[in-house]
Amino acid sequence: MPHRDHKPHSPDLPPGLDATLVVTQGPQQGLRYHLTRPEVRIGRRKDMDLILSDATVSSEHARVYVEEGSLWIEDLRSLNGTLVNDRRIRRAALQAKDIITLGKYALEVELESAAPSPLAEETARPAPAGGLEAQAAFQQVWLAGYPTLEREALVEVVEQSLAGRATAFANGEQILTELSARLSEGKGPDLIILNTRMPLISGPNAAISIRAFEEGFERPGKIPIAFLATSATPDSESFQRVVKFCQPASYLASSPNLQDFRTQALNLIQAIKKLPD
């Protein structure tokens, strides 16, 4: 008998609880899922919050949820079970650095305190009028298609410099699947950053699909889309047509040097903030 569907009671996590699940082993290694709700369902089925596509994961495998201010995980009668730190569990509290095993996947729990980091404190200082910090921050930023070092650099820029929350997807298919689920709930990210070349669905094709999804779900307003890539610039004429069609959107090429990549990431976000809706 299928486990009953658990619905969150609130759209937000309790103040001070900042949690991220990081796939450290498995087909989607490097994927980061930042918890923005008090309950997240994990499984292979397309309507799950965190989709792990390998057959060793059950359709509805486990749920991570908040209870009395703490983070918990519960196995949902999965075929292969759920382990925390190599111990099979039915239900268990989660701590920072715990390792959750679901089939072929290992997920590390990242828990951070509410205290701002030195960099966050520095960027919170008043900025000149018209600067990026003087404008509304991107609270939820999704990015897709970047190799490990570039992905880590983008996550750092978003989470520390912009005081936002970054969720990384390995490819275009993953980000479109998650976007469809969020738009069906009337939600979605504040900004999407795409690599131009990425597995399964390229950045330009993913961007066109994003606009189609928004129209299909009748979303008010469009999510800004940013292309940032160290690969060769796409064919200028066809790619510029995509950028124009997907407005508000912007493209910026970057050096493979990580420090330059971080700087260009900030420059790109500044450019997308100035684009008309």
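The predictor's confidence in each residue is expressed as pLDDT, on a scale from 0 to 100. In the present predicted model, the protein chain averages a pLDDT of 78, and 79% of the residues score at least 70. Residues 1-11 form one of them, with 20 contacts beyond four places in sequence in the model. Residues 113-136 likewise stay under 50, and the model has 18 such contacts for this segment.

In soluble globular proteins, nonpolar side chains tend to be buried together. The largest nonpolar core of the model comprises 48 residues, and those with the most contacts inside this core are Leu21, Leu50, Leu52, Ile73, Leu107 and Leu194. Helix H3 (residues 172-184) is the element that gives the most to this core, contributing 4 residues. Another core, of 19 residues, lies apart from it and includes Val141, Leu191, Ile193 and Leu228. When neighbours within four places in sequence are left aside, the contacts of Leu107 include Leu21, Leu50 and Leu52, together with the run Val22, Val23 and Thr24. Leu107 is also in contact with Asp98, Ile99, Ile100 and Leu102.

Helix H5 (residues 236-245) has Phe239, Val242 and Val243 as its buried residues. Viewed down the axis of H5, these buried residues fall within an arc of 100° and therefore line one face of the helix. An α-helix has 3.6 residues a turn, so residues three or four places apart point the same way. On the other side of H5, the exposed residues are Glu237, Arg241, Lys244 and Phe245. The packing partners of the buried residues of H5 are helix H4 (203-216), strand S15 (225-229) and strand S16 (249-253).

A search of the whole structure finds 4 aromatic pairs. One of them, formed by Tyr146 and Phe261, is edge-to-face, with 6.2 Å centre to centre and 65° between the planes. This pair links distant parts of the chain, 115 residues apart: Tyr146 is in the loop between strand S12 (140-144) and helix H2 (148-161), whereas Phe261 is in helix H6 (residues 258-273). Tyr146 is buried, with a relative accessible area of 5%, and Phe261 is buried at 0%. Phe239 and Tyr251 form an edge-to-face pair with a centre-to-centre distance of 4.9 Å and 80° between the planes. Phe239 lies in helix H5 and Tyr251 in strand S16, so this pair ties together parts that are 12 residues apart in sequence.

Two arginine residues are placed over aromatic rings. Arg63 lies over the face of Tyr65, at 3.8 Å from the ring centre, while the charged end of Arg91 sits over the ring of Trp72, 4.0 Å from its centre.

Most residues other than glycine have a negative phi, and most peptide bonds are trans. Against this background, Leu200 has a positive phi of about 70°. Leu200 lies in the loop between strand S14 (191-194) and H4 and is exposed, with a relative accessible area of 64%. Glu218 also has a positive phi, near 55°. Glu218 is located in the loop between H4 and S15 and is exposed, its relative accessible area being 69%. The peptide bond from Gln247 to Pro248 is cis, with omega near 0°, and Pro248 lies in the loop between H5 and S16.

Key. Residues numbered from 1 in each chain as written. Heavy atoms only, no water. Core = buried A, V, L, I, M, F, W, Y, C linked by side-chain atoms within 4.5 Å. Buried < 20%, exposed > 50% of the residue type's maximum accessible area, 1.4 Å probe, protein only. Helix = DSSP H or I, 4+ residues; strand = E, 2+ residues; numbered from the N terminus. Contact = heavy atoms within 4.5 Å. Arc of directions from axis to C-beta. Phe/Tyr/Trp six-rings, centres within 6.5 Å; stacked < 30°, edge-to-face > 60°. Lys NZ or Arg CZ within 6 Å of the ring centre and 35° of its normal.
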